[in-house]
Amino acid sequence: MNRTIRRASVFTLLLVLALLVRATWVQFYEGRALADDSDNRRNAIETYAEPLGNIVVAGEHITGSARTKGSDLAYKRTYTDGPLYAAVTGYASQAYAPTQLEGIYADVLNGTDPRLKTVTDTVTGKRAAPGNVVTTVDPAVQKAAYKALGDKKGAAVAIDPETGRILAAVSTPSYDPTSLTDAGTAGEAWTRLNEDPDKPLTNRALRQPLPPGSTFKLVVAAAALEDGLYGSVDERTDSPDPYPLPGTSKDLGNENPSAPCENASIRVALQYSCNNVFGKMAVDLGQDKVRETAEKFGFNDEEQDVPVRAYTSVYPSDMDRAQTALSGIGQFDVTATPLQIAMVSAAIANDGELVSPHMVSQVTDSGGDVLEDHDEDASTRRIVSSSTAEQLRSAMRTVVEEGTGTNAQLSGATVGGKTGTAQHGENNSKTPYAWFTSYAESGSNGKKVAVAVLVEQSDAQRSEVSGNGLAAPIARETMRAALQD
């Protein structure tokens, strides 16, 4: 054979082999990556070829699917009371990646989860009928919190302390997820929502940790009682007023200079929210002991899933003594989500045990068969002793009955709480955050609830911003709804 022809033949054969290798690589190794690529429109066409499964609240679907017109995407997601439940559902969009429960359970809701397949589906290759996500949310509690927050920027979380079921998760201002579902109109809504300075897409209930202020004093009090620094909430402490911050020329004083905070007991210090007591208490305990107790409650947990991944609430490390004192009143670099602060009250209300908080009860297939049961699988861990929890409940009742939390009083129920007003901005120049956390037990039916409320911004004058003035009334209405028969 002519040498030139032979070389050309070999070169051609090598090209064919290279093409075969490349085709095999793409088909068997890169095929899944290409199929899963967000820019692959075939995925969206397949996802929205049929109606999606639904998210369920109290037996009612709060989601649906509607037929589209003039699009290769046959269906789009719809929402009932979208703004009310946005912090729970998130959104499923033809144009953007799904969020919240819509994102976590996307495979269940669009029928691609392998657990949904029947034998027939496996043989035919047909997509399975989609499943449903059953939430723990109580619509009455959700509506009460949402209505009470009104036009304020903030959040509320309510938990059943005995079961860990999240009864409400509200974030305001909210948005209508329906505005993001249609690929043709989602872009305009997306731009508007992201440019809104009030950040309505932010889930303030679960995913925006802020300084918790004096609500964190419950954690410091728990650490002091557990450590034996003080034997009871009624033992007088060693707390000068004001408290000189160690290593500085500054004093840690109190909002109310006339409050009886000098050497006050834990009960009185919670009642009047004495900074000097808890600042010195944190220093006396040391940051490691405070951090240990905080972490038992859930701080510094980077995998806090409910099942939405909550942002980490932080108790910092490597502080000097002055910074440790400030951490004792929920300032310096301490941050918490409303979920985390609700967990503190829930553990105290449940005799010192924390049941893992969750807002999904069950995940089911189209026929109602249970794929996941989060109520049954909820874990329980002891945070503080039964004695410590009882003493803190008693002190929290004093806060509501005689102290800074009187706006949370609720007829026919035992209520305990703690206010918080957290400073922020350079030299505390911005409007403070108003917090309130509480527990309540009905005197008629025995129902219990733990609540945390954050008001990040309102129309109130700076001098009127307080946990009792802004956040406690919201907690009261949320608790009232949770305890009703």
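Helices here are DSSP runs of H or I with at least four residues, and strands are E runs of at least two, both numbered from the N terminus. Counted that way, the protein chain of this predicted model comes to 18 helices and 16 strands.

Here's the chain as a whole:

| Property of the protein chain | Value |
|---|---|
| Box filled by the C-alpha atoms, along the principal axes | roughly 105 × 60 × 40 Å |
| Residues that count as buried | 51% of 485 residues |
| Accessible surface | about 21800 Å² |
| Accessible surface belonging to carbon and sulfur atoms | 48% |
| Distance between the mean positions of the 45 positive and 62 negative charges | 6 Å |

As for contacts with a separation of 6 or more, 67% of them come from residues 24 or more positions apart.

Now for the annotated part. An unreviewed UniProt entry puts "domain: Penicillin binding protein A dimerisation" at residues 53–133. In the model, that span is 30% helix and 21% strand, and its end C-alpha atoms lie 8 Å apart.

Then there's the cysteine story. The structure holds one disulfide, and it joins Cys261 to Cys274 with an S to S distance of 2.1 Å. Cys261 sits in the loop between β9 (251–252) and α11 (266–272), while Cys274 sits in the loop between α11 and α12 (275–285), so the pair ties together parts that are 13 residues apart in sequence. What is the handedness of the disulfide of Cys261 and Cys274? The torsion about the S-S bond is about -75°, so the disulfide is left-handed. Both Cys261 and Cys274 are buried, meaning each has under 20% relative accessible area.

Definitions and conventions:
Residues are numbered from 1 along each chain as its sequence is written. This is a predicted model: local features need pLDDT of at least 70, side-chain atom pairs count only at pLDDT 80 or more; totals for chains, interfaces and linings use all residues. Side-chain values use heavy atoms; hydrogens and water are left out. UniProt positions are given in the numbering used here, feature names are shortened, and annotations may be inferred rather than shown by experiment. A disulfide is a pair of cysteine sulfur atoms within 2.5 Å. Buried means under 20% relative accessible area, exposed over 50%, partly exposed in between (1.4 Å probe, protein chains only). Contact means heavy atoms within 4.5 Å. Accessible areas come from the Shrake-Rupley method with a 1.4 Å probe; for residues, only the protein chains shown count as cover. Lys and Arg count as positive and Asp and Glu as negative; His and the chain ends are not counted. The place of a charge is taken as NZ of Lys, CZ of Arg, CG of Asp or CD of Glu.
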